[in-house]
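Here's a quick briefing to read alongside the structure. Have a look at the model first, then work through the points below.

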Amino acid sequence: MARVALVVNRDATDLHNDGPPLLDAFERLGIDTDIVGWGSGPDWAGFDGVVIRNSWDYIFDRDAFLDWAGEVAAVTRLANSLEVLRWNTDKRYLRDLEASGVPIVPTVWIEPGDDLPGVVWDEFVVKPSVSAGARFSARYSRGAEISGHVRQINAGGAAAMVQPYVGSIEDVGERGTYVFGGRVSHAIAKAAVLSSVRAPMEDLSASSHQLVSGTTVEPRVSDFALQVVESAPPLLYCRVDTVMGDDGEPILMELEATEPFLFLEHATSAAADLFAASVRDWLAS
Ligand SMILES: Nc1ncnc2c1ncn2[C@@H]1O[C@H](COP(=O)(O)OP(=O)(O)O)[C@@H](O)[C@H]1O
Ligand SMILES: [Mg+2]
């Protein structure tokens, strides 16, 4: 029987709401699962595959996470791949996707040592290139003093990303479209979390109150999600987060290919089955 590790935060022991449906789906396929925190731990070579699930605490120590992933990849199969994890844990990957023709939220990148640019947007966002859960992200109005925020982001080596505040997020929201094994699975709608001007927070509290609901997969968003996946290195699973641009067409907010929470409670059991079947096929490939 195949044995798979499902990887969670260093100090975590469960998969939250994704747990019951996902574990059931693996069981239906006869795949044994262990839930394991990343970092030191079991003999990773003892697993046929190691699948990263809910490991958002890596943002506090990205280097340690990638070192650990490298050790795992040296002894067994890792998904997503080490190459994807190195690329996807820093939103600078958005520049590669943009260069491949994927429309992204317009972004001014401020690298460590760069001068502060003038900001042309009336309402805008400053956020770090290494983030989860809207950590250390904030919304500002034109003329606001952002240098302290930017330099704090840069101090950790990340780029500061300055973007126009995308107003459509207030009414149509953000969409998250899941692609497992190259096939669109299900979608969620996420309400705005930076809807008022507030100080940036180091923790992940902005997203802990985010409203998430299930939604239908719209064909143009689904097509867009597949375009993003085709422009990325090979992915076993991901969530493509989109917002609507001024012309009503989807644009990319982020490609979550490291630790996308699956929100399976908002999907049918077909979603968990597709995830598990994608893992089974990957193990056999
Ligand atoms: N340009 C933007 N316009 C409006 N809202 C934004 C913008 N950028 C980020 N946000 C809000 O902040 C949240 C977190 O930003 P995101 O880029 O997805 O980073 P992460 O989820 O990795 O922290 C988004 O889900 C969205 O609600
Ligand atoms: Mg996000």
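Helix α1 (residues 19–28) and helix α8 (residues 269–284) pack with their axes 8 Å apart, at an angle of about 55°. That makes α1 oblique to α8. This is a predicted model, with pLDDT of at least 70 needed for local features and 80 or more for side-chain atom pairs, while totals for chains, interfaces and linings use all residues. Residues are numbered from 1 along each chain as its sequence is written.

**The α1–α8 contact**
- On the α1 side, the contact (heavy atoms within 4.5 Å) is made by P21, L22, A25, F26 and R28.
- From α8, S269, A272, D273, F275, A276 and V279 take part.
- By type, the residues of this contact split into eight nonpolar, one polar and two charged.

**R92 and its surroundings**
- You'll find R92 in the loop between α3 (82–88) and α4 (93–99).
- Its side chain makes a polar contact (a pair of N or O atoms within 3.5 Å, one able to donate a hydrogen and the other to accept it within protein) of 2.7 Å with the side chain of D90.
- The side chain of E111 is another polar partner of the R92 side chain, at 2.6 Å.
- Setting aside neighbours within four places in sequence, R92 touches residues including W109, P112 and S129.

**Ligand 1**
- A polar side-chain atom of K91 sits 2.5 Å from an oxygen atom of ligand 1.
- For P164, a backbone N or O atom lies 2.9 Å from a nitrogen atom of the ligand.
- E254 has a side-chain N or O atom 2.9 Å from an oxygen atom of ligand 1.

Key: Chains lettered and ligands numbered in written order. Heavy atoms only, no water. Axes fitted to C-alpha atoms, helices over the stretch in contact; angles between N-to-C directions. Helix = DSSP H or I, 4+ residues; strand = E, 2+ residues; numbered from the N terminus. Parallel < 35°, antiparallel > 145°, perpendicular 65-115°, else oblique. Nonpolar A, V, L, I, M, F, W, Y, C, P; charged D, E, K, R; others polar.
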